[in-house]
Amino acid sequence: MTTPHSFECTIGSRNLIIETGKLANQADSAVTVYYGDTVVLVTACVSPKPREGTDFLPLTIDYEERLYAAGKIPGGFIRREGRPSEEATLTCRLTDRPLRPLLPKEWRRDIQLIITVLSVDHENDPDVLSIIGSSAALSISEMPFDGPVSAVHVGYIDNELVLNPTMPQMEDSALDLVVASTKEAVVMLEAGANIVSEDIVNRAIRFGHEANQQIIALQEQFRQACGKPKEEAPVSELPDGLMSAVSSAAGERLPQALKHSEKGPRDEALDSIKKELTASLGETYAETDILEGFDRLIKAEIRNSILTKGERVSGRSLTQVRPLSCETGLLPRVHGSALFTRGETQVLTITTLGPIRKEQQLDGLGIEETKRFMHHYNFPPFSTGEVRRVGTPSRRSIGHGALAERALVPVMPEDEEFPYTIRLVSEVLSSSGSTSMASSCASSLSLMDAGIPVKAAVAGISIGLVTGEKGGYALLTDIEGMEDNYGDMDFKVAGTATGITAIQLDTKLKGLSLEILEKSLTQAKEARLFILDEMNKAISTSRPELSLYAPRMYKIVLPPDKIGAVIGPGGKTIRAITEETKSTIDINNEGIAFIGSTDEESARKAIKMIEDLTREVEVGATYTGKVTRIMSFGAFVEVLPGKEGMVHISELADYRVDKVEDIVKVGDEVTVKVTEIDSQGRVNLSRRAVFEKEGSRPSPRSAERPPRRQRDFRSPQHPRQTAAKRRY
């Protein structure tokens, strides 16, 4: 039986515990991480044989949210966990990105990490525990791994940097930054920010990197006590003489092919060289080796040109942004639309507004249960000129959509100010580098086109990196596809003119220095300001009116004790209002009602009906209502929905009435005045008082006044009125 081992340290005033030997002992390695009452189990398994036909590192990471961890039963008919939530997918990516550069690229045996969330306390986020646990599991396995790696959250609350703030505290934080680093350098960043400066972000990165050192030291102790002997990392070597032969055969055609500024002609020229190489060298070398050698030659040529000449494949300078184009209002019937083009990257974003009831229900482990603002990103195969299967969104598409959404959240209006559910969809029409940042730009334009009162425009840019020998490097503004493929870093930064709203850093290196990160943020700011200036030429502020086809939302506040009256038994009353007015009505627990309709008149009608349901009958007020019942002594009139009063027969007219039916019948609309509300809450009404207030009454009609022959003015009991008292 395996002996359990446990190590712990204090991080952010809470104990972090890493344990092995107690759970899942048949896995190649298994680690349980405790932080507060949040518990995560990470298992690592490695297949015994290489995967055939692969030319990449086969690393799979699965993040399994178990709703029992938060004391929840899953929603839906099946009542069990189904496909991963968006948050689970994002945590998979968050865990993968710092680990992959630290594993050997030549490794071909499948590696599977499964992170199972066993308990959450809604104070300590399990996402960084996923990274720490995965690093610890790889550290004690036989896998060659250049770790350990650690990750922490850094918040900025009341002008102070806070290490691993609790989830409730994070709601008051201007920054939510995840810093993942090794002992030597930062390997991954992910952040959402409420328009904070580059200086604060730089300080937060340094703060997080320093905090990671204690957790890395803990993992090193853990590895020394529990680690298995490491296997040798495989080495991929090409046949002797191949690189020289490929270089000679390609000659000067390779630099010329790379000078094409457009992707299509450049790819055609490179494909032509590939065909010639396989034809001329195919008898001596394997085709896969020839193509691998040519790929290495392309990489070397691109990187050497950048580092020694300062020239890029498109002919741009290192800090130059590709040509920009912005256009709004492309689609006639949608609520908002915008097209953003940067070089050969093109994104069309469409905005749709809906009522509150259309908000997304979240069935996950987080604190939030609903979400009113959504951004979705689609990456169809035609965007890269490819033919492939179209299906559910990939992890990459979900991640890119979430990044753009995070960049826009800080500038969105408050729910109380703009009570709508908002959905953005970014359609990538053409891709050649940083479509997620293009989505941020297109989305910002689309929001303004829709008339949504955003606080500021948002733009994003990606900064690349090429490193050389002896510490030399070059930063590239607005990397395109080939530079991303053969470069060392993709550092995405989005924000407004005054600060950062989102960050995402990926690198193929084993880490980046703080100097490189600081310069990258400065270079990204310069590019962001340039892009914002171009965007402002298309639209600088939100349109003053919503689209004609967007619903109009109105907010009214109901007295808490009147909510039930509006909803009615089993929702009967509110359904009747929505059916009659064709409006949407949503009422929250605080009594705030949101009424929506594409037709303003219908919305106003619904508002009046709701207000009538919640109003109290007032003495002295005049109402127009329907006669609901007739008795021998008077008529009952519904002056407000569900509220009746009685008009005594003596108050039905400004003359003597013999029978109630001579004046009104059930269903008639009559105007009455409230004369009294007695101690028992009974409402007394008068029609006579209305006539007296007006100073005259309408011309007699059969429904209101009996025919002359029915009035016995000559009766001794009812003598004819004098001229002074006669009414007309």
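Is Thr38 buried or exposed? Thr38 is buried, because its relative accessible area is 0%, where buried means under 20%, exposed over 50% and partly exposed in between, computed with a 1.4 Å probe on protein chains only. The model is predicted, so local features are reported only at pLDDT of at least 70 and side-chain atom pairs only at pLDDT 80 or more, whereas totals for chains, interfaces and linings use all residues. Residues are numbered from 1 along each chain as its sequence is written, and side-chain values use heavy atoms, with hydrogens and water left out.

**Surroundings of Thr38**

- Thr38 belongs to strand β4, which spans residues 38-50; strands are DSSP runs of E with at least two residues, helices are runs of H or I with at least four, and both are numbered from the N terminus.
- A polar atom of the Thr38 side chain lies 2.9 Å from the backbone oxygen of Asn124.
- Leaving aside residues up to four places away in sequence, Thr38 touches Val33, Ser119, Val120, Asp121, Asn124, Pro126 and Leu129, contact meaning heavy atoms within 4.5 Å.

**Packing of α1 and α2**

- Two packed helices are described by the angle between their axes and the distance between the axes.
- Helix α1 (residues 86-99) packs against helix α2 (residues 126-140) at an angle of about 40°, and their axes are 9 Å apart; the axes are lines fitted to C-alpha atoms over the stretch in contact, with angles running from 0 to 180 degrees between N-to-C directions.
- The two helices, α1 and α2, are therefore oblique to each other, as angles under 35 degrees count as roughly parallel, over 145 as roughly antiparallel, 65 to 115 as roughly perpendicular and the rest as oblique.
- On α1, the contact is made by Thr91, Leu94, Thr95, Pro98 and Leu99, and on α2 by Asp127, Ser130, Ile131, Ser134, Ser135 and Leu138.
- By class, this contact of α1 with α2 has five nonpolar, five polar and one charged residues; Ala, Val, Leu, Ile, Met, Phe, Trp, Tyr, Cys and Pro count as nonpolar, Asp, Glu, Lys and Arg as charged, and the others, Gly among them, as polar.

**Packing of α9 and α10**

- Helix α9 (residues 395-408) and helix α10 (residues 435-449) cross at roughly 45°, and their axes come within 9 Å.
- That angle makes α9 oblique to α10.
- The crossing of α9 past α10 is right-handed.
- Contributors from α9 are Arg396, His400, Leu403, Ala404, Ala407 and Leu408, while α10 supplies Thr435, Ser436, Met437, Ser439, Ser440, Ser443, Ser444 and Leu447.
- The contact of α9 with α10 divides into six nonpolar, seven polar and one charged residues.

**Loops and backbone geometry**

- Gly147 and Pro148 are joined by a cis peptide bond, with omega about 0°, and Pro148 lies in the loop between α2 and β7 (150-157).
- Ala24, although not a glycine, has a positive phi of about 55°.
- The loop between β2 (14-20) and β3 (29-35) holds Ala24, which is partly exposed at a relative accessible area of 35%.
- Arg79 is likewise not a glycine and has a positive phi of about 65°; Arg79 lies in the loop between β5 (59-65) and α1.
- Glu262, in the loop between α6 (253-258) and α7 (263-281), counts as partly exposed at 47% relative accessibility.
- From C-alpha to C-alpha, Glu262 and Ala606 are 57 Å apart in space, and they are 344 residues apart in sequence.

Notes: A polar contact is a pair of N or O atoms within 3.5 Å; within protein, one must be able to donate a hydrogen and the other to accept it, and residues adjacent in sequence count only if both atoms are side-chain atoms. A crossing is left-handed if the near helix is turned anticlockwise from the far one by less than a right angle, and right-handed if clockwise.
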